Amino acid sequence: MLTDENFNGFLAFVFFMAVPLAALLGAIIRRRYRKAIARAMRAGTPSPGAAFAVPGPSHPNGAALQVDVAPLSRAPPLRPALALRYLAAGLAFALVLVTVMFLLDGIGFAPLRFAVVVAAFLLPALIMALYVAGLRWYWMVAAGVFWTWLLYVIAPESNDVLGILVGPALMLALLVGNPALRTTAVPLFMVAVALVVPLVFALEAIYLMMLAGVLDFLLFLLPPGLVAAIYVILGLALMLAVGTGLALLVVRAVARLTARSSELMMQHDLLWLFQCVWVIGLGWGSHGPLTLAYLLAFAAYRGTLALLRPRAPAQETHLLLRVFGQQGTQTRLARSLLLDWRQRGPVLMIGAEDLATETLDAPELAAYLRRRLSDLFIDSPVDLAAASAAGTARQGDGLFPMQDYYCRDSTWQPTVLTLMAQARRILVDMRGFDPANQGILFEIDALAARVPTDRLLVVCAPDAVEQVTALFAGAWARAGREGQTDRLTLRTA
């Protein structure tokens, strides 16, 4: 039975089961989701492309083209500022939480002791900030080791704080902050919890059923080992039935509650809520409901993030065009340059398998798990209008959303032409280009006839500059006005 005395043990069991289960679910679901998106994109639609009202070409460009070639900048200037905002919010969390802890436990205030405990609770925030800043995993390890060593040198007893109070949150930070799981970490961790909690109660139910001898009558018909196996099967069936239903409810609830949160904000919300629940569980037996005061730390984190959040309207709407199928390069782009762009305005793109899991959010995950993936696709002008009317305001941490438009083979062309008319800045990623990629060739011709050259940024591999330059020069010669020369910005990466 769950009591005040074993509540923290229950939390520990759920956490240490849910973390690896969430990672496993993430690996499986992300792979299957990409395949499901690829299948759905090839499906037909009852609305032909001609049914869409597409803006006509305006021919704003000249027929001649000069190309400005330079390496792509590797240091987006705004990501460190975003990381510092989250680090400051984490510091506010740590300050309030430690203050409440000292008051509840009657710990005498000593500046050094207080600073050491705050620094211990700040370590997960430091790990998350390094993730946001885009540093490599080994920097996380180095930062964690150095921070722990420094605290030990200053106050050897700090190891107890790190191990008991902060250790689980630190493990969670390493999981949910990982860019490979960033977009699905929160809903899948909650799904894992929704599966593990019924497992605990299913094991309890099996134990009580065996004590009560509910199936003892079967001993007259079956061997004892088989009867024991039936008990286990019944318990697991109960766990799966309750857990699956609960998991679907959790995903839908997360989708509603995080409608205005970026994936980074969802990660930090989960981390700091878990830290609050963990210390509440540790202190409940001694202080009871008074431990709920630890939730003030979460309020301090949210308040600080809201205070530091930029409020300026979008400077421009961005559109990403790319060669499909280049998952590695596109993923790195989404985690670097596009994240920087999202601090200036929303980023639009045609959804596809290559970036499907990079833009996967809680509503899309809920649609996939409920077998309603078709709800995500543009099948008609009404769907396109609804997707275009979706909110493009800043999210809770100041980022603008990255919105993907999933299309069928018969609807992607009118959709991308509509997005070209909406965007003020367009990134064309030509890396991995092959002449068989007819989609990107259609888009280049459309750009030449519809979008001023100064709104474009083209990215390609260093050894493909001549080929890409020739493609764009040919499109501009066909669609442009004679006697006018435009300058195209091309960056190599």
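Tutor: Let's start with some rings. Phe15, Phe16, Phe274 and Trp278 are linked into a cluster by ring pairs. Keep in mind that this is a predicted model.

Student: How many aromatic pairs does the structure hold?

Tutor: It holds 13 aromatic pairs. One of them joins Phe109 and Phe114. Their ring centres are 5.3 Å apart, with 50° between the planes. That pair is tilted.

Student: Is Phe109 buried or exposed?

Tutor: Phe109 counts as exposed, because its relative accessibility is 59% and the exposed class is over 50%.

Student: And Phe114, buried or exposed?

Tutor: Phe114 is buried, at 15% relative accessibility. The cut-off for buried is under 20%.

Student: What about the rings of Tyr138 and Trp139?

Tutor: The centres of those rings are 6.2 Å apart and the planes sit at 45°, so the Tyr138 and Trp139 pair is tilted. Tyr138 is partly exposed, with a relative accessible area of 43%. Trp139 is partly exposed too, at 47% relative accessibility.

Student: Which ring does the charged end of Arg408 sit over?

Tutor: The ring of Phe377. The charged end of Arg408 is 4.3 Å from the centre of that ring.

Student: Switching to the overall fold. How many helices and strands are there?

Tutor: The protein has 16 helices and eight strands. Its C-alpha trace spans about 90 × 70 × 35 Å along the principal axes.

Student: What share of the residues is buried?

Tutor: 51% of the 493 residues count as buried.

Student: And what share of the contacts with a separation of 6 or more comes from residues 24 or more positions apart?

Tutor: Those residues account for 84% of such contacts.

Student: Now helix packing. What describes two packed helices?

Tutor: The angle between their axes and the distance between the axes.

Student: At what angle do H4 and H5 cross?

Tutor: Roughly 140°. H4 covers residues 137-154 and H5 covers residues 158-176, and their axes come within 8 Å.

Student: Which residues make the contact?

Tutor: From H4, Thr148, Leu151 and Tyr152. From H5, Ser158, Asn159 and Leu162. The residues of this contact split into three nonpolar, three polar and no charged.

Student: How do H6 and H8 pack, at what angle?

Tutor: At about 40°, with their axes 8 Å apart. H6 is residues 185-212, and H8 is residues 263-287. On the H6 side, Val186, Pro187, Phe189 and Met190 make the contact. On the H8 side, Met266, Gln267 and Leu270 do.

Student: What classes do the residues in that contact fall into?

Tutor: The contact of H6 with H8 has six nonpolar residues, one polar and no charged.

Student: One last residue. Where does Val468 lie?

Tutor: In helix H16, which runs over residues 465-479. Val468 counts as buried, because its relative accessibility is 1%.

Student: What is Val468 in contact with, leaving aside neighbours within four places in sequence?

Tutor: Met430, Val458, Cys460 and Leu490. Take Met430. In sequence, Val468 and Met430 are 38 residues apart. In space, they are 7.4 Å apart, C-alpha to C-alpha.

Notes. Residues are numbered from 1 along each chain as its sequence is written. This is a predicted model: local features need pLDDT of at least 70, side-chain atom pairs count only at pLDDT 80 or more; totals for chains, interfaces and linings use all residues. Side-chain values use heavy atoms; hydrogens and water are left out. Rings of Phe, Tyr and Trp (its six-membered ring) pair if their centres lie within 6.5 Å; planes under 30 degrees apart count as stacked, over 60 as edge-to-face and the rest as tilted. Buried means under 20% relative accessible area, exposed over 50%, partly exposed in between (1.4 Å probe, protein chains only). A charge sits over a ring if NZ of Lys or CZ of Arg is within 6 Å of the ring centre and within 35 degrees of the ring normal. Axes are lines fitted to C-alpha atoms, for helices over the stretch in contact, and angles run from 0 to 180 degrees between N-to-C directions. Helices (H or I, at least four residues) and strands (E, at least two) are DSSP runs, numbered from the N terminus. Contact means heavy atoms within 4.5 Å. Ala, Val, Leu, Ile, Met, Phe, Trp, Tyr, Cys and Pro count as nonpolar, Asp, Glu, Lys and Arg as charged, and the others, Gly among them, as polar.
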